[in-house]
Amino acid sequence: MAWFVFPDDSLLCMCLGISFTVWFTLLLVFIIVPAILGVSFGIRRVYMRTLIKIFEWATLRMERGAKEKNHHLHKPYSNGIIAKEPSSLEQEIQELRGLGSSLGSEPEFGMADIFYFCRRGVESIVDDEVIKRFSAQELESWNLLTRSNYNFRHISLRLRVLWGLGLVTRYGFLLPLRVTLAVTGIGLLLVLTTLVGFLPSGKLRNHLSEKVHLMCYRICVRALTAIITYHNRQNKPKNGGICVANHTTPIDVIILANDGCYSMVGQVHGGLMGVVQRAMVKSSPHIWFERSEVKDRHLVAKRLSDHVADKSKQPILIFPEGTCINNTSVMMFKKGSFEIGCTVYPVAIKYDPRFGDAFWNSSKFGMVNYLLRMMSSWAIVCSVWYLPPMNREEGEDAMQFANRVKAAIAAQGGLVDLIWDGGLKRAKVKDVFKEEQQKLYSKVLVGDQEDQSEDNPVANGGLEPKEEESTQGCVVGDRGND
Amino acid sequence: MAQEGLFNVGFLTFPGRCVGEDIVSWNKIIGIMGALHSMAGGPAYLDLSEKTGFSLEQIGILHKRFKQLSHNEETLLREDFNTIPDLACNPIRTQIIEAFFDRRNFQQNAEGTVQEIGFEEFLVVMSYFRPPSQHMTEEQRENVRKEKLRFLFNMHDTDNDGTITLEEYRHVVEELLSHSGALGKETAKGIADAAMLEVASISMGHMEPDEIYEGITFDHFLKLLEEFEIESRMNIRFLNMDTTNLCK
């Protein structure tokens, strides 16, 4: 009982002790227990609504401040920087040569034809569809994070105070809380999956494993203060299928696994990641590949098909884009996952950038830096739509099927549907595109009708075939290549 | 061009006349002009704006684009341009990229090529494509036209001898045409020769049988293209262009 006796000058210790106890009790009651049971008090949604009101107020203040000083607020150009002519090659060349000049008889070359190509070239240097997808999206209003502020010259004193308060709240209160939760979540995952792994295979083990996984992912979701809205849950992926989704960040996995059990696919890692992988695979069937096996497409395809054929196993989760895109568009899907021939369950994930930018720009931030930024943002708000299952139709090849799925995901999530390959983040475009334009120009000179039935040169999304590292798309844990 | 009446500089309103050049000096003195986004940007942007004729807002946008293309480095290399997929489709992309690294286009009266360019050089080359401003004298318009045509001329004249020879011309035509498909290689060559002949006949008039045509000089080039309206064809239109309207 000695610890009950507090000496007088340990008032401080007593206070600290009490506050720690209170802190942990609150944590337990409001966060961990609901996570275990799968219920929610709705605290996060109230938090989100309060934040939105504050952001709107902040933006109004900034606009007012800017107007007083007669400046212009920087507005992000979400529709592109320049106006591009929608007219085609033929139209422009006709115009250049003047209406009425005949192109038919003798193929002629006009010096001025070069204007068209010159202008198009410089237009694409100033603004193109692909490169801007690889950097973070810009916001219309300020969300009190320095990292997304472009109008900092217009901050009044009140706004500065608010920002300071926000800083203290985020780094002093939210960040430690989240780190604690994350550590708890991962620790529990490791311990409990190992324990469940000792049980004999059977229904009990599967059931427990499901519960354990869900619980730990729920704790992780609270560790990120992720506020997720799931739509159309009747379309949730079922056993024996593949779930495909657009990829913005490694956190996508946690967001999806929060609501259902999936089998992850990925490379075997070392370090903490490897420990987690080994623990996870003890209690439920995940597919981890050795680094050397990843290059062998047949092996990969076979393992995936075997998994899918077994109806008692969970659906596989795959991200076919192969890399992280900034959540304004969906890029080309790699066809490997669509060749297996099973039902595909598309899922669209759209993040709300006002509360925290979830996009992982792997060339700018490492993993730890990224997680730190995530945990010191306000929240991660996203919507998940489960789309109706799709199957490959008669006469459709894998690429066409992949494009169909991609279009559905883009339409649902409100994202731009692009044909370009996400691998263009790091690689170059094929030369065949240049030849296409050359052919087109030649036809204009000779005066033929445009041939509509030519092969689509963008079949590979623009990449040289040897530069495609894997046709399975991005697999969980493949961060080393991202 | 001068206008009578009230004009605004920032939040100050002055009665009086405003003339084109005066505005720039007024703004330098008072230091208020449009939106200044970046901390380092301020005074440097003013200089660039004066030199290239872009507004401060446009310079800010182009600076962000520069950083995007160069992956946050200080200079751009040729490889950075190769990462743009739309540009890869363009048959004359090599010439366009070379134009950015050609010192003749930097308005410094220098020659040769460089390996990397900074933001200032990028902006100077982009200024050949800036949208035409409304208030320009005939002389200024003529100058702008000459500059743009000079840019095009430099793009063809790769060895910088002041003339576009048949070889250089043929090279450009071949780049534009396809090696396979509708036109064979011989036809492409034929087209280039025919075009060159036409150019010769326009600029030299009637030639003696044994006279050799040297090549297209810049004056011939100007004469060839005098009826083409280049201002509207060779410029980039910025969306929501917020030209600070100082003369009211």
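The points below cover ring pairs, charges over rings and nonpolar cores.

This is a predicted model, in which local features need pLDDT of at least 70 and side-chain atom pairs count only at pLDDT 80 or more, while totals for chains, interfaces and linings use all residues. Residues are numbered from 1 along each chain as its sequence is written, and side-chain values use heavy atoms, with hydrogens and water left out.

**Aromatic pairs**
- Over all chains there are 13 aromatic pairs, a pair being rings of Phe, Tyr or Trp (its six-membered ring) with centres within 6.5 Å, counted as stacked if the planes are under 30 degrees apart, edge-to-face if over 60 and tilted otherwise.
- A:Tyr230 and A:Tyr386 form a stacked pair, because their ring centres are 6.2 Å apart and their planes are at 15 degrees.
- Since A:Tyr230 belongs to strand 2 (residues 226-231) of chain A and A:Tyr386 to strand 9 (residues 380-386) of chain A, the pair ties together parts 156 residues apart in sequence; strands are DSSP runs of E, at least two residues, numbered from the N terminus.
- A:Tyr386 is buried at 0% relative accessibility, where buried means under 20% relative accessible area (1.4 Å probe, protein chains only).

**Charges over rings**
- B:Arg78 lies over the face of B:Phe101, 4.5 Å from the ring centre, the criterion being NZ of Lys or CZ of Arg within 6 Å of the ring centre and within 35 degrees of the ring normal.

**Nonpolar cores**
- The largest nonpolar core has 62 residues, a core being buried Ala, Val, Leu, Ile, Met, Phe, Trp, Tyr and Cys residues joined through side-chain atoms within 4.5 Å.
- A second, separate core of 52 residues includes A:Ile31 and A:Trp360.

Technical notes: Chains lettered and ligands numbered in written order. Helix = DSSP H or I, 4+ residues; strand = E, 2+ residues; numbered from the N terminus. Buried < 20%, exposed > 50% of the residue type's maximum accessible area, 1.4 Å probe, protein only.
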